[in-house]
Every structure is written in structure tokens, then in C-alpha cells.
Amino acid sequence: SFISARNITFSLKGQEVRSFSQLRNEFSDVDTFYLSSGGGVGSPLRRSRSRGALMSNPVLVEPATDNRAVNKRRARSKSRPRALYAAEPEMVRSGSDYTLLEVLKEEPVRLTIRGMRRTFYPPVHHAPPDNSPPDRRLVLDWVHGYRGIDSKKNLWVLPSGELMYYVAAVVVLYDRDEEPRTQITSLQFETEGDVVTADSDGFITVYSVDSEGAYFVRLEFEAHTKGISSLVMLSEGTLLSGGEKDRKIVAWDSLQNYKKIAEAKLTRLTRTQITSLQFETEGDVVTADSDGFITVYSVDSEGAYFVRLEFEAHTKGISSLVMLSEGTLLSGGEKDRKIVAWDSLQNYKKIAEAKLAEINGGVRTIYPQRPGRNDGNIYVGTTRNNIMEGSLQRRFNQIIFGHGRQLSALAVHPDDELFATAGQDKNIALWKRNKLVWCTQVMYECVSLTWHPFGVALAIGSAEGYLIVVNAETGALITTLRVCGSPLTCIAYNPAGDLVAIGSQNGSVYLMRVSRDGISYKKSNKMRGTQALTTLDWSTDGNYLQTATLDYDLTFWDVKTLTPEKSPIAMKDVKWYTFNATVGYLVSGIWNNRFYPMTSMISAVNRSAAHDLLIAGDVDGYLRLFRYPCISPKAEYSEEKVYSGQINAARFMFNDRNLVTVGGSDATLMLWEVVDD
């Protein structure tokens with residue numbers, strides 16, 4: 001029986017249970033107990049999955065202070081499932097035996113995530129936790145990508161010639177000659193000195209600089225109902241704003257604290273939206289709308305605007321207008337991908353046009369390369385998150401590449417400063433620090449990615465259930481195999497490189513045999529599950545897998561028997577080759593941390609190669625660096641906030657000197673340096 005004269009029952013804290021009434025009243029919330037025969041304190045069963053001498057009959061070992069013979073009967077707690085004690089040939093005891101008091105020196109960690117309580121068990125051996133902040137910090141080194149998919153008027157050229165744009169929650173200054181990028185914490189700029197921003201809620205905010213060079217909000221006011229589509233600062237200090245929803249053009253005097261000077265409402269628009277706005281040198285207003293029309297407004301003798309000219313310039317929406325100094329108007333089409341030049345001095349006669357390639361996307365923003373010069377060279381930001389340079393007289397070349405849709409797949413080279421990304425835009429890209437090495441487009445949306453341990457191949461999981469393998473050196477397609485009908489959300493090679501495990505949204509794990517050169521793939525086995533999987537890690541010996549689910553459950557798999565491991569406590573001493581799981585005992589301190597300003601849902605985790613650092617990203621765009629292991633909610637960290645949305649993946653590079661992160665809807669790839677603090 002559970003409680004008898006022959007057995008002594010202990011809780012995890014070492015408290016003795018003497019009766020059923022005590023068990024019911026004092027230990028109602030405890031689900032794990034240990035049994036010892038006789039009067040001494042026995043040791044619990046320790047199930048190790050490491051290689052060693054096999055024991056077909058596990059025993060209970062008394063502590064060294066107890067000289068009585070070892071009881072070779074195997075006790076079982078009714079509070080545990082019987083499967084925990086099923087006879088297995090792999091049940092071993094390596095090294096010395098451990099007493100109950102030694103094993104119970106650390107309690108399991110219990111976390112409540114999304115209203116569900118989860119328990120994680122401590123391994124017998126692990127590095128001692130250190131709650132102090134890490135002695136290293138992150139410094140942003142390079143930003144890849146551009147946000148043109150859902151942002152307007154977000155590309156400028158400064159008087160210094162630097163290209164300025166924003167992506168995620170940073171502004172990038174890009175010098176094409178020297179190629180440094182500087183990140184500043186601000187957004188849109190319209191300047192003659194102060195910084196003016198417009199937002200989707202219809203507010204204009206004016207930032208000034210204090211004596212120490214820091215920006216502060218000097219003025220903020222509601223200028224329009226909902227969104228503002230455009231801002232233009234005229235040379236005499238008048239700010240003009242165009243409302244996207246209220247169809248108004250308003251003039252503000254920046255010299256009189258942004259006092260409203262004039263306002264006009266465009267009467268023709270009944271179903272369309274103003275998408276861009278420019279001014280002729282004589283003061284006439286030129287607008288573009290979502291139906292592809294350009295409208296020119298003049299002012300009558302009484303100061304009222306009237307429509308002087310209207311014509312269809314593009315198929316559907318116009319995303320950008322730019323009036324050059326010599327009177328040429330450039331317009332960019334979002335759908336037709338065309339850039340057209342119009343002569344405002346000849347009643348907007350078409351001068352020339354060019355069309356971007358489909359792979360580059362439609363036009364989002366146009367800006368002259370050298371403002372004030374009439375050489376025709378322009379920068380074009382596109383709806384697929386690329387930046388092009390060229391002119392209507394010559395072809396456009398890509399200077400900035402970014403993934404055009406959701407980005408979640410990231411992998412780093414096992415022993416080189418290379419990293420790869422794959423996105424739902426069907427692009428797979430290889431990067432070396434600040435350079436794009438190659439980019440390959442495939443037929444399927446990519447959601448997961450891993451690098452072969454020998455560095456020869458990249459394996460990609462698609463949203464359509466296909467495994468795609470490409471040559472890591474050239475990007476050439478090696479093979480495509482259908483795995484299942486669900487998205488392949490996580491993927492990893494085993495340490496030997498002869499097996500690849502693929503986790504699916506349907507909850508199952510698929511195994512494939514791989515040739516040593518990483519080129520040949522053959523379906524092997526399937527382990528069936530029910531919960532959608534998000535991360536996957538191999539054990540160091542290649543015998544087990546751990547996966548995290550969409551609901552933050554930690555599940556285990558036995559690769560030899562092709563079955564899920566039902567007992568988490570049996571897996572507590574397994575050594576993991578990688579650690580990307582968002583939950584677990586050794587990373588539990590990243591949850592419910594006492595120093596978080598708000599509840600944080602963790603979306604990305606990675607352990608450093610030296611097993612001394614841990615990076616955690618959350619759904620709000622916070623990136624936090626901890627010491628590893630991170631067990632206590634009192635663990636301190638260093639923090640960065642550069643993403644405006646969820647961080648989908650983070651990976652330390654092989655030497656731990658750099659970190660790579662990707663944001664989901666931001667589709668932004670960032671390279672960090674890990675430096676001494």
C-alpha cells in the first residue's frame with residue numbers, strides 16, 4: 001500500500017506522510033512522493049538516459065549513513081502513472097548513486113502560463129544559477145531589410161547623401177560609399193531643424209532637441225480625423241498635412257507654434273483616399289489617390305481651391321508623388337509597378353516611364369538620390385521590402401534586400417560567420433554579416449530552417465508541408481519532398497547529420513534519413529502527436545527530442561522506440577545539443593520575472609554555444625540577455641527594444657560573439673555584437 005508500516009512516504013520537501021488524513025489535508029496539492037522502506041531516508045529512483053551499464057531491476061539505495069542492506073523491492077507511488085516505472089532496458093544508473101536528500105535539494109518549478117499550470121523538474125547536475133545581470137551586453141551592429149509592405153513615405157535622402165529609412169522600431173542611416181548604418185530611436189522626419197511626425201491616429205508631434213542633444217516632445221496635437229497620409233514642410237516654414245480619411249489639406253504655421261492657417265476639403269473624392277501630396281512651385285496642390293488618379297488644385301481669387309486638372313495616371317493606387325526642382329512630377333504605382341514622369345510645365349504631359357520587375361514588388365516611396373540636382377537618379381522603396389536605385393533612362397538595381405512577408409525561419413552556420421533566413425515570401429537568403437551572399441526563390445512559403453552540422457546544406461520546412469533542401473554554398477535546389485499536409489513549423493538535424501527531425505503543426509514529428517553529404521533524403525518514421533509544435537531540440541546522444549508546443553507545453557520523444565516519452569521526470573537529466581525551447585527548468589526564470597514591467601509572453605529562446613548565456617525574445621519586441629541557467633524569477637538581465645512586434649527567432653553564432661534576430665511582421669533581420677559590459 002501507499003502508506004504502510006513497511007514503507008515511509010516523503011514529499012518532495014522531505015516531509016514524512018504518516019496517515020491518509022494527513023495526505024488528504026496537508027498534501028492535497030502535491031502530486032509526487034517518494035517511498036523508502038525501513039526507518040532511513042531512501043533515495044528515489046533516478047532514471048538516466050545516458051549510456052552506461054544496463055540494470056534490468058532498478059533498486060532503491062539507502063543513504064550512506066544507513067548500514068542496512070539495500071532493499072531490492074521496487075516501490076510505486078499511486079500518485080504517479082504506472083508508465084513511469086515500466087521496465088525498460090535503457091534504465092541505468094551512471095556514476096555514483098544519489099540519496100533522496102541530494103536529489104531533493106532543488107524543488108520542481110511550477111509556472112502558470114496562459115492559465116495552465118506546468119511543472120518542470122531539475123536535473124541532478126547543472127551549473128549553479130547566478131541571478132546577477134550578465135557581464136556582456138548587446139550592441140546593434142547591422143539592420144537588414146526595409147519596411148515598405150505596409151508603410152508610406154518612409155524613405156529620405158539627407159543633405160549628407162545618406163539614405164534614411166525606418167524598419168521595425170529603428171531608423172537607419174545608410175551611406176552607400178562607406179556603408180555604415182546608424183540606428184536612432186525616432187521615426188519620421190520633416191525638418192528645417194525640429195522633427196515632425198504624423199501618425200495613423202491623425203496626430204502631429206513636434207520634437208525639439210534639448211541642451212544635451214536629446215529629443216523631447218515640444219508639441220502634439222490632433223490634426224486630422226484618423227490617418228495622415230502626407231506631410232510637406234515648405235521653405236517659408238509652412239507645414240502642409242493631408243488627411244487620408246477626412247480628405248482635408250491643412251496648412252500650419254511652424255513659426256507660430258503650428259497655428260492653423262488654412263484648410264481645404266477635396267470634394268471629388270467619394271470613395272477614394274488621398275495617398276500622396278505635393279506642391280508646384282507656384283503653390284498649386286497635386287494629389288494622388290487610391291484609384292490611380294492625379295488631381296491638380298489651384299486657388300481662385302477668393303482663396304478657395306478648385307480642380308484645375310485631373311487624369312488617370314496608374315492602374316489602381318498611386319503610392320508616391322515627388323515634384324523635382326525643374327518641374328517634373330514623378331509618380332509611383334503600387335499595383336502596376338510603374339514609375340512615370342510628368343511635365344508640370346506642359347499640363348502634365350507624360351515624359352517617360354519605367355516598370356519594376358515583379359520580384360521587386362510595387363512602388364512604395366520615391367526620393368531623389370541628390371535633392372536639388374536634375375540628374376534623374378532616384379531611390380525607390382518597394383512593397384516587397386526592397387530599396388532600388390536607378391533612373392527612368394536606365395535599369396533599377398537592388399541595393400537593400402528585405403523579406404517581403406512574415407519572417408520566422410533563421411539558422412546559423414556551425415563554424416562560420418554565416419546565417420540564413422527563409423520567409424513566407426518564398427525567398428531563402430544567405431548572409432555574411434552586412435552582405436547578402438545569395439538569394440533563392442522557391443515554390444513554397446518557408447516557415448522553418450536548419451543548417452546541416454557539416455555546413456553543406458540548408459533544410460527548409462514550408463507552410464504547405466514540403467521539405468526543401470538547398471546547397472548552402474550556392475543556393476541551388478537539391479530536392480523537394482512532401483512530408484504532410486500541415487505546416488512544418490520546426491526542423492533540426494541530429495548531431496551526426498544522418499537524421500533530420502521535422503515538427504509539424506499537426507503535432508507529429510517526422511524523421512528522415514540523410515546521407516553524410518547532406519544531399520540524399522529518405523523518409524524514415526513518424527511519431528504521432530496532437531499539439532502544434534513550435535521548437536525542436538535533439539539530445540547530445542541523438543536518442544531523444546524535446547519540443548515546445550504552441551500552448552507552451554514541453555514534450556519529449558524517444559527516437560529509438562518512436563514513441564512520446566510520457567514521464568517528464570525521466571527526462572530531466574538528458575543533455576540537449578541545442579536549447580531553443582521556450583519552456584523548461586533551466587530557462588524558467590525568463591517567465592514571470594519580477595523585473596518585467598508587464599506580463600511577457602516568450603516567443604524565442606536560444607542558449608549560447610558556451611552554455612553561459614541565454615537570449616529571450618517576446619511578443620512585444622523586447623530582447624533580453626540572461627545568464628544561463630536562468631531558474632529564478634529574480635534573475636536580472638540586459639534589455640533592448642528594437643522591434644515593433646513579435647520576435648520570431650534568435651540565434652547565437654558559433655563563437656558567441658554575435659547574435660542574429662528576426663522579427664515576424666517586421667520581416668527585419670538584425671545582427672548584434674555581444675560585447676563585454
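Which residue in β25 does Val-340 stand opposite? In this predicted model, Val-340 faces Glu-353 of β25. The two strands involved, β24 (residues 338-343) and β25, pair in the antiparallel sense over six bridges. Pairing here requires at least two bridges between two strands, as found by DSSP. Strands (E, at least two residues) and helices (H or I, at least four) are DSSP runs, numbered from the N terminus.

Residues are numbered from 1 along each chain as its sequence is written. Local features need pLDDT of at least 70, side-chain atom pairs count only at pLDDT 80 or more, totals for chains, interfaces and linings use all residues, and side-chain values use heavy atoms, with hydrogens and water left out.

The protein holds two helices and 52 strands. Of its 677 residues, 56% count as buried. Buried means a relative accessible area under 20%, exposed means over 50%, and partly exposed lies in between (1.4 Å probe, protein chains only). Contacts are defined by heavy atoms within 4.5 Å. Among contacts with a separation of 6 or more, 48% come from residues 24 or more positions apart.

The mean pLDDT (the predictor's confidence in each residue, from 0 to 100) is 81, and 82% of residues reach 70 or more. Residues 1-5 fall below 50; this stretch has 12 contacts in the model beyond near neighbours in sequence. Residues 38-103 also have pLDDT under 50. For residues 38-103, the model has 128 contacts beyond four places in sequence. Where pLDDT is low, the predicted coordinates should not be read in detail.

β24 and β25 belong to a four-stranded open sheet. The strand order is β22-β23-β24-β25, with antiparallel pairing. β22 (318-323) and β25 (349-355) stand at the edges. Each has a single partner strand, so one side of each is left without a neighbour in the sheet. The twist averages 20° from one strand to the next; axes are lines fitted to C-alpha atoms, for helices over the stretch in contact, and angles run from 0 to 180 degrees between N-to-C directions. Strands of a sheet pair through backbone hydrogen bonds, either parallel or antiparallel.

A polar atom of the Ser-320 side chain lies 3.2 Å from the backbone nitrogen of Ile-366. Polar contacts are pairs of N or O atoms within 3.5 Å; within protein, one must be able to donate a hydrogen and the other to accept it, and residues adjacent in sequence count only if both atoms are side-chain atoms. Leaving aside residues up to four places away in sequence, Ser-320 touches Ser-276, Leu-330, Ser-331, Gly-332, Arg-364, Thr-365 and Ile-366.

Arg-364 also takes part in a salt bridge, with Glu-334 (3.4 Å, N to O). The pair joins distant parts of the chain, 30 residues apart. Arg-364 sits in strand β26 (residues 363-368), and Glu-334 in the loop between β23 (328-333) and β24. Arg-364 is buried at 5% relative accessibility, whereas Glu-334 is partly exposed at 28%.

The structure holds 20 salt bridges, each a side-chain nitrogen of Lys or Arg within 4 Å of a carboxyl oxygen of Asp or Glu. Side chains of opposite charge can pair when their charged atoms come close. One of these bridges joins Arg-136 and Asp-612 at 2.5 Å, N to O. This pair spans 476 residues: Arg-136 is in strand β6 (residues 136-144), and Asp-612 is in the loop between β46 (602-607) and β47 (613-618). Arg-136 counts as buried at 19% relative accessibility. Asp-612 counts as partly exposed at 26%. Asp-135, Arg-136 and Asp-612 are linked in a network of salt bridges.

Another salt bridge connects Asp-284 with Arg-308, whose closest N and O atoms are 3.3 Å apart. Asp-284 lies in the loop between β18 (274-279) and β19 (285-289), and Arg-308 in strand β21 (residues 305-312), 24 residues apart. Asp-284 is buried, with a relative accessible area of 13%. Arg-308 is partly exposed, at 35%.

Ala-570 counts as buried at 2% relative accessibility. The C-alpha atoms of Ala-570 and Tyr-121 are separated by 9.2 Å, although these residues lie 449 residues apart along the chain.
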